[in-house]
Amino acid sequence: MTGTAEEWTKAMTHTNQLLYLTAADVRRACEEIDPLACVREALVRHGEGRTTLPAECYLGWSPETGGEARSIAMSGLVGGEPPMVGTKLINANTANPGRGLPRASGLTVLHDVATARPVCVMDAAHVSALRTAAVSVLCALRLARPGSSAVAFVGTGAIARTHARLVAARMPEVTEIRVHDLDKERAAGFRDDLAAGFGPGGPRVVVAGDARAAVAGAGVVIPCTTTRVPYIERSWLAPGALVVNVSLDDVTEDALLAAARVYVDDWSLVVDDPHRLLGRLARAGRVGPPGAQAPPGAPPVHTLGELFTGGCPERLSDDELLVVNPFGLAIEDVVIAHRVYRVALQRGLGTPLPR
C-alpha cells in the first residue's frame, strides 16, 4: 500500500484489513517520535480531565513450570485533537529470563475513534518500556537536584535498559550510571552492552556489589525490579535524591514518608492497587489524596498532570527527598502507539492483514 497518511488511515478504516507492526517495525517507527513529548501530552490531557481510563483487568497465576505469571489488559481513551483510543495487553512471567525469553511481552491495539474498529495491532513490549522510561526521564528533568550526575538502577531487565538509554540521550549532565542486579552475569552484560552503545562520550556504566552501593550518593534512583519486599531505606538515599519508584515496592515506608512530596500519575489507580505500599498507606488514612491536607508525618501528594501544567510545587530546595510513584497509564501507551502508527503509515511499515 502507498499514499499519504490520510489515505492509509482511510484505507485501514474502510476496508477489511488492519495493520500489523512487528517489534522491529515498532522500534523503527519509534526512532522518529519524541516519547517524552508523547507522555507529557498524555499526562496533561489526563490532568485536564480529557481522558477515560477504566480499571485494568488483572489475571495472575502460578504455572507448574515455574515463575509468577500475569496478564493485564489496559484500555484508554485520550480526548482532544486528535482523539486516540486503544488497548494494551501485556503479559509476563518472572521465570522467562531463565528460559531465554523476555520477562514481558504483549500487543497494543489501536481503534478507529469513529467506528470502534481495530485498525492496528503492534508488538507492545518496546512501547511499554519506552513510555515507562519516558515518564521517569521527564520527571527527572523537572525534579532532579541540579547537578545530579549519577543515576542508579536496581534491576537490569528491558525496562532498566530502555531507561538507561533514554537517560544517556536526554540528560547530558549524567556522567555515571550505576546498576545492581542479583544476577551478576546479567549486570555485567547490562554494563557491557550499554558501554558499547554509549561510546567514549557517554556516561560511565558501573556495576555495584549490592543495591545500597548503587543507590548511595545517586541524585536519581530508579528501581526496575519485580520484588514486593521493600528494601531501599531512607538512610541509603543522598540528600536531595529523586526516587522514581517504577516497580512495585522497592522503597520502604520510612523512605516514602520522609519525602517532601510524592507525585503520582493517577491517584485512584494507586489507591485501588492491592500490591503497592502507597495504596496501602492511603487506604489506612496515613497518606492523603492530591489536593488534601497531608496527615501528620506524611508528605503531600500531587499528580504529574499538575506538575506539568504548573499546578503544584517542583523542587523547593537541593536537600529535599522527592518520590515519584507512577502506576503506568494505558493512555501513555495509546499516545505513543498512535504516533508509531502514523509513522508506519507514512513510511510504509508493517503488514496489512485480512480480518
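A polar contact is a pair of N or O atoms within 3.5 Å; within protein, one must be able to donate a hydrogen and the other to accept it, and residues adjacent in sequence count only if both atoms are side-chain atoms. The model is predicted, with local features needing pLDDT of at least 70 and side-chain atom pairs counting only at pLDDT 80 or more, while totals for chains, interfaces and linings use all residues. Residues are numbered from 1 along each chain as its sequence is written, and side-chain values use heavy atoms, leaving out hydrogens and water.

**Exercise 1.** Describe the surroundings of Asp 249.

Step 1. Asp 249 lies in the loop between strand S12 (242–244) and helix H8 (253–257); helices (H or I, at least four residues) and strands (E, at least two) are DSSP runs, numbered from the N terminus.

Step 2. Asp 249 counts as buried because its relative accessibility is 3%. Buried means under 20% relative accessible area, exposed over 50%, partly exposed in between (1.4 Å probe, protein chains only).

Step 3. The Asp 249 side chain makes a polar contact with the side chain of Arg 280 at 3.2 Å, and reaches the backbone nitrogen of Leu 277 at 2.7 Å.

**Exercise 2.** Find the pairing partners of strand S5 (residues 84–93).

Step 1. S5 pairs with strand S4 (residues 69–78) in the antiparallel sense over ten bridges; two strands pair if DSSP finds at least two bridges between them. Here Ile 72 stands opposite Ile 90 in S5.

Step 2. S5 also pairs with strand S6 (residues 104–111), in the antiparallel sense over seven bridges, and Leu 89 stands opposite Leu 107 in S6.

Step 3. Seven of the ten residues of S5 are buried.

Terms used: Contact = heavy atoms within 4.5 Å. Lists of a residue's contacts leave out its neighbours within four places in sequence.
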